[in-house]
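Open your viewer and get your selection tool ready.

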Amino acid sequence: MPGVPATLAGPLDLHLHTRRSDGDESPAEVARRCLAAGLRVASVTDHNTMAGVAEFTGTVGDSMTVVPGCEVTARWRGEEVHCLAYFIDPTDRRLQRRLRRVHDADLEWWRAWAERVRHIGVPLTWEDITERIGGDRIAYPGDYLALLAEAAREDPRFAGYGPTDHERLATDWCRPGRPLHVPEPWMPGITDVLSWIADAGGVAVLAHPARVLDVSDGAQCRTLLKPLVAAGLAGLEAWTSWHTPAESAGLARICAALGLAATAGSDYHGVRVKSWVTAPGRLPALPPEPMAVLDALCDRRPTPPKSEAEL
């Protein structure tokens with residue numbers, strides 16, 4: 001499903017993806033795009049991994065503020081949601097083990113999908129997939145479906161599907177009851193993810209919340225979000241390429257009512273993956289004071305415990 005055209009350029013982007021997950025470009029390439037866009041603050045938030053943070057940070061050097069981040073898959077109210085984790089330590093071993101479990105569950109899901117593809121007689125193996133995508137990488141779903149269409153181009157069952165017919169392929173072949181359906185992988189509950197982020201000294205923000213909430217009903221949103229706030233949620237991604245300007249404004253009001261930080265991030269993956277986001281920092285609407293977004297996040301960082309010497 002396409003997002004909202006992102007045409008306005010801002011100085012801050014707290015939601016960026018690289019080839020360490022489902023983005024199209026290396027961390028260094030994304031860093032160079034951020035520099036070319038004139039960003040002052042940026043965060044690489046690859047899915048369930050922080051493997052790209054060091055390369056991105058090393059490339060930008062002292063040219064901008066880098067907020068170490070990650071986008072963690074979770075389940076809430078029966079749906080898949082994503083939590084952005086900021087200011088977490090990439091070397092935190094406990095957090096890395098937890099993220100690895102989520103990553104590996106996704107990887108096994110794609111392995112099971114590939115086995116179903118093989119089972120119905122399409123000549124696409126897991127080895128073929130890993131050679132094209134990477135052995136330990138969870139890529140953009142359309143990339144797997146493009147490989148399916150390519151491998152099945154001589155199969156009359158797949159006549160009429162082109163390499164970019166991702167939605168039709170998913171609907172016709174991968175939905176429940178279809179030959180390539182695989183039950184959803186394991187995902188941690190959102191309260192567990194909030195506790196993981198807190199344990200790692202981070203700040204938790206719900207990514208693109210209008211995809212799972214009816215922002216037009218502010219009262220209902222506040223009711224649904226209050227338990228998450230009590231469990232450690234610190235913010236909502238209000239300004240993003242998934243939200244209309246009206247939705248962003250509504251989410252900013254919800255944040256004000258609940259005492260949450262309202263954040264901004266393009267969800268840039270590269271223009272092939274998400275053509276409506278042409279560069280880092282581009283949004284359909286901008287925060288009134290973009291640099292205040294970073295201040296709001298910093299204000300919500302947990303206070304580290306005092307050392308024995310300080311007591």
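Start by selecting Pro27, Ala28, Val30, Ala31, Arg32, Cys34 and Leu35 in helix 1, which meet Glu55, Phe56, Thr59 and Val60 in helix 2; contact here means heavy atoms within 4.5 Å. The residues of this contact divide into eight nonpolar, one polar and two charged, where Ala, Val, Leu, Ile, Met, Phe, Trp, Tyr, Cys and Pro count as nonpolar, Asp, Glu, Lys and Arg as charged, and the others, Gly among them, as polar.

A word on what is on your screen: this is a predicted model, in which local features need pLDDT of at least 70, side-chain atom pairs count only at pLDDT 80 or more, and totals for chains, interfaces and linings use all residues. Residues are numbered from 1 along each chain as its sequence is written, and side-chain values use heavy atoms, with hydrogens and water left out. Helices (H or I, at least four residues) and strands (E, at least two) are DSSP runs, numbered from the N terminus.

Now show helix 1 (residues 27–36) and helix 2 as cartoons. Their axes come within 8 Å and cross at roughly 40°; axes are lines fitted to C-alpha atoms, for helices over the stretch in contact, and angles run from 0 to 180 degrees between N-to-C directions. That makes helix 1 oblique to helix 2 (angles under 35 degrees count as roughly parallel, over 145 as roughly antiparallel, 65 to 115 as roughly perpendicular and the rest as oblique).

Next, colour the open sheet of three strands, which has the order 2-3-4 with parallel pairing (two strands pair if DSSP finds at least two bridges between them). At its edges, strand 2 (12–16) and strand 4 (65–66) each pair on one side only. Strand 3 (residues 41–44) is joined to strand 4 by two bridges, and Ala42 has Val66 as its bridge partner.

From strand 3, follow the loop towards helix 2 (53–60) and pick Asn48. Asn48 is not a glycine, yet has a positive phi of about 55°. Is Asn48 buried or exposed? At 5% relative accessibility, Asn48 counts as buried (under 20% relative accessible area; exposed is over 50%, partly exposed in between, with a 1.4 Å probe and protein chains only).

For the last stop, select Asp267 in the loop between strand 9 (261–265) and strand 10 (282–283). Asp267, also not a glycine, has a positive phi of about 65°, and is buried with a relative accessible area of 2%.
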